[in-house]
Amino acid sequence: MNQPIEREGQLYNEDQLRRYFDLPNGEPDAVLAVCDTKDKGKDYCVMPVVYQYGQDFYVEDVICDNGDPEIVEIRLAMLLLKHKVHIARFESNSAGGKIAAKVQQEVENRGGITKITTRYTTNNKETKIIVNSPFAKKHCLFKDNSVLKCEKEYRRMLKFLCSYTMAGKNEHDDVPDAFAMLAEFVQELEGATVKVFQRPY
């Protein structure tokens with residue numbers, strides 16, 4: 001019953017995901033998060049928190065919750081505080097901008113350091129998910145299943161990620177959409193980084 005289900009057009013195969021048991025030694029280069037927000041309805045709010053070490057992004061924690069939006073907003077703030085996230089990107093479509101503002105205020109009220117930015121997405125969601133999947137597969141590492149016994153939302157995240165198919169309708173596309181957001185966010189941050197090169201002469 002717990003075997004991965006092979007689906008036609010499956011974008012992420014669980015057996016091919018990069019895995020880890022523990023974070024590397026030393027402080028991470030950065031702690032980042034992205035949030036695919038939700039309004040009322042069946043959609044899930046998905047916010048992975050990743051620890052960056054070089055070109056690798058370790059998915060250390062996640063919220064994957066379709067509960068009451070007001071409760072979820074508090075949970076988002078608490079997770080940002082728990083991991084001392086440096087920068088977070090929230091999708092501002094629908095109610096996302098208001099959610100980002102509320103979470104930012106809650107973080108500040110509790111003495112947190114997280115700076116939340118927002119981005120309105122106009123891209124076709126399916127295209128965004130597919131074209132950004134190679135980056136996520138190459139650079140994201142997920143906790144090994146052996147350490148996930150008590151992490152219900154993390155296991156839900158992996159289930160939704162690996163059940164996404166390019167060959168039909170998807171009941172839940174919020175998780176792969178969040179990782180597409182993460183890929184775009186990271187690449188934008190890297191593009192904004194000033195790199196110092198040694199003079200060739």
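## Close-up views of a predicted chain

**View 1. Strands β5 and β6 pair side by side in the parallel sense.** Two strands count as paired if DSSP finds at least two bridges between them. Helices (H or I, at least four residues) and strands (E, at least two) are DSSP runs, numbered from the N terminus. One of the bridges links Arg89 to Thr117 in β6. Between the two strands the chain passes through helix α2 (residues 96–109), and this β-α-β crossover is right-handed. Right-handed here means that, with the strands pointing away from the viewer, the path from the first strand over the helix to the second runs clockwise.

**Basis of the views.** This is a predicted model, in which local features need pLDDT of at least 70 and side-chain atom pairs count only at pLDDT 80 or more, while totals for chains, interfaces and linings use all residues. Residues are numbered from 1 along each chain as its sequence is written, and side-chain values use heavy atoms, with hydrogens and water left out.

**View 2. The chain holds 5 helices and 7 strands.** From the N terminus on, their order is β-β-β-β-α-β-α-β-α-β-α-α. Of the 201 residues in the chain, 47% are buried (buried means under 20% relative accessible area, exposed over 50%, partly exposed in between, with a 1.4 Å probe and protein chains only). Contact means heavy atoms within 4.5 Å. Among contacts between residues at least 6 apart in sequence, 70% join residues at least 24 apart.

**View 3. The largest nonpolar core has 35 residues.** A nonpolar core is a set of buried Ala, Val, Leu, Ile, Met, Phe, Trp, Tyr and Cys residues joined through side-chain atoms within 4.5 Å. Tyr12, Val59, Phe142, Tyr154, Met157, Val175 and Phe179 have the most contacts inside this core. Elements that give two or more residues to the core include β3 (45–53), β4 (56–65), α4 (152–162) and α5 (174–192). Helix α5 gives the most, with 9 residues. Leaving aside residues up to four places away in sequence, Phe179 touches Tyr12, Pro48, Val59, Ala136, Cys140, Phe142, Met157 and Leu161. Another core, of 26 residues, lies apart from this one and has Val31, Cys45, Ile63 and Leu79 among its members.

**View 4. Asp174 is a buried residue of helix α5.** The relative accessible area of Asp174 is 5%. Asp174 touches Asp36, Asp43, Tyr44 and Val46, not counting residues up to four places away in sequence. From Asp174 to Tyr164 the distance is 9.7 Å, C-alpha to C-alpha, and the two are 10 residues apart in sequence.

**View 5. Lys84 sits in the loop between α1 (69–83) and β5.** Lys84 is not a glycine, yet has a positive phi of about 50°. With a relative accessible area of 60%, Lys84 is exposed.

**View 6. Confidence is below 50 over residues 1–6 and over residues 194–201.** Confidence is given as pLDDT, the predictor's confidence in each residue, from 0 to 100. The mean pLDDT of the chain is 88, and 90% of its residues reach 70 or more. Among the elements, β2 has the highest mean pLDDT (98) and α5 the lowest (91). Beyond near neighbours in sequence, residues 1–6 have 4 contacts in the model, whereas residues 194–201 have 0.
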